[in-house]
Amino acid sequence: MTTLNRIASLLRHSMGLDVASVGMMLIERAVSERMTTLGLSQDAYLLALQSAPAELQELIELVIVPETWFFRDREAILSLARMAREQITAQPERCVRVLSLPCSTGEEPYSVAMALLDAGIPPANFHIDAIDICHRSLATAERGVYGRNSFRGKLLEYRDRHFSTDKDESILSELVRKQVHFRHGNMFAPDFLSNEKPYDFVLCRNVLIYFDREMQQQAVQVLDRLLHTQGTIFVGPAEAGVMLRPNLASAGIPLAFAFQKRSTPLPAVTPFRASKPAVPASVKMQALPPIPPLRKPFAPVAPAAPLAAPVAQAASSEAILARAMQCANQGELLDAARLCKEYMQQNGPNAAAYYLMGLISDARHDTGEAMQHYRKAIYLQPNHYEALTHLAALLAAQGDAAGARLMQQRAQRVAAIQEQPHA
Ligand SMILES: C[S@@+](CC[C@H](N)C(=O)[O-])C[C@H]1O[C@@H](n2cnc3c(N)ncnc32)[C@H](O)[C@@H]1O
């Protein structure tokens, strides 16, 4: 094993990072930056890493991916607020507990705080803990001052309500800031949040994609421990597949990527039902057979339409695509992929369908297929922001830094254009 591989393995064991997800070049650059700063050879640097936790932290600060923005996956944040409001309406004395793990530079937990306040929930009725492994990101989060890159998309009305502006900077209101409690933490640390009461809502979004399967399973165990028995966990769009576990069921909220503990855990992952229509070989997903939908532990806020109805009964072809998204959100990846194909057979190539198929392949760790789908989505819709950023991440993971940069730059241009009328 080369010294660099040993360093990569150290990072995997300490923070869960799968080098394949970010590319060896990122690790190499970070290591070389630290070696230059300290004036050490690679072997001496490995020794320094093994003996000094502070140096390991310095390296971690350089290899993390802090990408985040306000109201990323808006539906997840708004669903959380809707559910919290229902719970507080039923029990006005209740203090809802939320965990944002990881919180990066703070946009995610602050979005939750804004959404809860905007939903009319009094500050005393909720408590948000926000944790990340990166000290630098946490310092930014504590400051609560943000640039344009943190505000993406067109729906920016929250900015006027909760921020003041100073030149190019947006300064978050004190009211929102004091609702979030930031802390440093590594979710793989043995005593991680061991003394905390369980949380009603856990957001663990856009980090599981940087772990390999084994570390993902470890992470899910940690999340399971932290989640209240009737709690809800939110993951990123490409991470729903990771939550396919006997004790978790989709919360059935479209585009929220939310899961709840089952009241009665399934005995094991159930094999694909033979009565379902055959799936084209190109989208076969043996690694992640679907779990049939069960009775939910409690009713979801926005119940999904029943999935058992045959596709032929769908009111229109648009309903097929909507149903495909619903299936993907519920972890029914085989069905989702089949419906995307069906939709395109009826309507011809479609960017949204290819993007969804990309997410599904991503969730199955089929990087090659995911990249093909994202490319097709971008070909059909050159300003497809999400497809551009996902493709950039996969290219970076494959070591194609130039290709990744190109896609990221295109995505940034798209984001800038989308922001213009509101800037
Ligand atoms: C892409 S950001 C996601 C932020 C936010 N959840 C979102 O979806 O926008 C990933 C974050 O994970 C953090 N991270 C990576 N490994 C971690 C670990 N083992 N424990 C805690 N945080 C970790 C990184 O520091 C980085 O800020």
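Colleague: How much of the protein chain counts as buried?

Modeller: Of its 423 residues, 54% count as buried, a term that means under 20% relative accessible area, with exposed being over 50% and partly exposed in between, using a 1.4 Å probe and protein chains only. This is a predicted model, in which local features need pLDDT of at least 70 and side-chain atom pairs count only at pLDDT 80 or more, while totals for chains, interfaces and linings use all residues. Residues are numbered from 1 along each chain as its sequence is written, and side-chain values use heavy atoms, leaving out hydrogens and water.

Colleague: And how many helices and strands are there in the chain?

Modeller: The secondary structure of the protein chain comes to 17 helices and ten strands, which are DSSP runs numbered from the N terminus (H or I, at least four residues, for helices; E, at least two, for strands).

Colleague: Let's take α5, then; at what angle does α3 pack with it?

Modeller: Helix α3, residues 24-38, and helix α5, residues 53-63, pack at an angle of about 135°, with their axes 9 Å apart. Axes here are lines fitted to C-alpha atoms, for helices over the stretch in contact, and angles run from 0 to 180 degrees between N-to-C directions.

Colleague: What does that make α3 and α5 to each other?

Modeller: They are therefore oblique to each other, since under 35 degrees counts as roughly parallel, over 145 as roughly antiparallel, 65 to 115 as roughly perpendicular and the rest as oblique. The contact (heavy atoms within 4.5 Å) involves several residues, including Leu-26 and Arg-34 of α3 and Glu-58 and Leu-62 of α5.

Colleague: How is α4 placed against α5?

Modeller: Helix α4, residues 42-51, packs with α5 at an angle of about 110°, with the axes 5 Å apart, and the two are therefore roughly perpendicular to each other. On the α4 side the residues are Tyr-45, Ala-48, Leu-49 and Ser-51, and these meet Pro-53, Glu-55, Leu-56 and Leu-59 in α5.

Colleague: Which residues of α5 are buried, by the way?

Modeller: They are Glu-55, Leu-56, Gln-57, Leu-59, Ile-60, Glu-61 and Val-63. The buried residues of α5 pack against α1 (3-15), α3, α4, α8 (135-143) and β6 (180-184).

Colleague: New topic: is Ser-111 buried or exposed?

Modeller: Ser-111, which is found in helix α7, residues 107-118, counts as buried because its relative accessibility is 1%. Leaving aside its neighbours within four places in sequence, Ser-111 is in contact with Phe-70, Phe-71 and Ile-77.

Colleague: How far apart are the C-alpha atoms of Ser-111 and Arg-72?

Modeller: Those C-alpha atoms are separated by 8.6 Å, although Ser-111 and Arg-72 lie 39 residues apart along the chain.
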